[in-house]
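This briefing is intended for a reader with the sequence and the 3D structure at hand. Please consult both while reading the points below.

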Amino acid sequence: MAPDLKEYDEEQVRLMEEMCIVVDENDKRVGADSKKTCHLMTNIDTGLLHRAFSVFLFNSENKLLLQQRATEKITFPDMWTNTCCSHPLNTASELIEEDQLGVRNAAQRKLEHELGIKPEQVPLDKFKYLTRIHYLAPSDGQWGEHEVDYILFMKANVDLDVNPNEIRDVRYVTPEELKAMFADSSVPMTPWFKLICNSFLFKWWDQLDTIENVKADDTIHRLGF
């Protein structure tokens, strides 16, 4: 039986109608389904998998921009996470697989939607694609994530105009400050952010000034299974 969404925020319910890209474990597109369908644990438990991205945006001081997800979010509300994490949609501009252009288009769109960052401040060719992870994470008994997640880095100074329906708070952090947040059990963190941090983030952060020299990894890393 489909869940009753009346208890949730109206705008967040509307966004659940967006069509995600359904993929197999090798990230091959096999169809499309609604964000709602893709995030129900009853479907995730049968193997339903979709494409996603995670942006890590750093300023000129090499500090990472974090966001705390809004209380209104249906999945993982109030949790701290990387700069922007969302999904390319089943649209012509976001289905382009060459040079990850569809994912880059989606990242640019969502950075503006969530953080008010204008596209000209985050040019498509300045996103550094690093790798993909495949993970599964429940949010509560009803909702969760099961994604092939593209990891994108960018270094840029940007102007923020935060959407309060998406984001509760933001902050820039150093590696040491982020590690302190992880050590504080009162600070909730999204599961994908934890996985990326534990596996990759800090070694890439150390190479941020020469990140363009880091070769993109074609492997899909299975994390948390």
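The following points cover strands, a helix, cavities and pockets.

This is a predicted model, in which local features need pLDDT of at least 70 and side-chain atom pairs count only at pLDDT 80 or more, while totals for chains, interfaces and linings use all residues. Residues are numbered from 1 along each chain as its sequence is written, and side-chain values use heavy atoms, with hydrogens and water left out. Helices (H or I, at least four residues) and strands (E, at least two) are DSSP runs, numbered from the N terminus.

**Strands β7 and β8**

- Of the 12 residues of β8, 11 are buried, where buried means under 20% relative accessible area, exposed over 50%, and partly exposed in between (1.4 Å probe, protein chains only).
- Strand β7 (residues 128–138) has 9 of its 11 residues buried and is therefore largely enclosed by the rest of the structure.
- β7 and β8 pair in the antiparallel sense over 10 bridges; two strands count as paired if DSSP finds at least two bridges between them.
- These two strands form a hairpin with 5 residues between them.
- Within this pairing, P138 has G144 of β8 as its bridge partner, and R132 stands opposite Y150 in β8.

**Further strand partners**

- β8 also pairs with β3, in the parallel sense and over 9 bridges.
- A52 stands opposite D149 in β8.
- β7 pairs in the parallel sense with strand β10 (residues 220–222) over 3 bridges.
- The bridge partner of H134 in β10 is R222.

**Helix α5**

- Helix α5 (residues 175–183) has P175, L178 and M181 as its buried residues.
- Seen down the axis of α5, these buried residues fall within an arc of 120°, so they line one face of the helix; the arc is that of the directions from the helix axis to the C-beta atoms.
- As background, an α-helix has 3.6 residues a turn, so residues three or four places apart point the same way.
- The exposed residues E176 and A183 sit on the face of α5 turned away from its buried side.
- The cover over the buried residues of α5 includes β4 (64–69), β5 (80–81), β9 (167–173) and α6 (191–206), with contact meaning heavy atoms within 4.5 Å.

**Cavities**

- The search uses a 1 Å grid over the protein atoms alone: a cavity is a set of points where a 1.4 Å probe fits but cannot get out, a pocket is an open set with protein on both sides within 12 Å along at least five of seven lines, and lining residues have an atom within 4 Å of a point.
- The largest cavity has a volume of about 180 Å³ and is lined by 20 residues, of which K35, R69, K73, T75 and H87 lie nearest its centre.
- Two or more residues of the lining of the largest cavity come from each of α1 (10–15), β3 (50–58), β6 (84–86), α4 (101–115) and β8 (144–155).
- By class, the lining of the largest cavity holds 8 nonpolar, 4 polar and 8 charged residues; Ala, Val, Leu, Ile, Met, Phe, Trp, Tyr, Cys and Pro count as nonpolar, Asp, Glu, Lys and Arg as charged, and the others, Gly among them, as polar.
- The second largest cavity contains about 30 Å³ of space, and its lining consists of E18, K35, S86, H87, L89, R109 and K110.

- The largest pocket holds about 190 Å³ of space; of the 14 residues that line the largest pocket, D27, E97, Q100, R132 and Y150 are the closest to its centre.
- α4 and β7 each supply at least two residues of the lining of the largest pocket, which divides into 4 nonpolar, 2 polar and 8 charged residues.
- The second largest pocket has a volume of about 150 Å³, and among its lining residues are F153, M154, K155, L208 and I211.
- β8 provides the largest share of the lining of the second largest pocket, 3 residues.

Terms used
Points joined across faces, edges and corners; volume = space filled by probe spheres on them.
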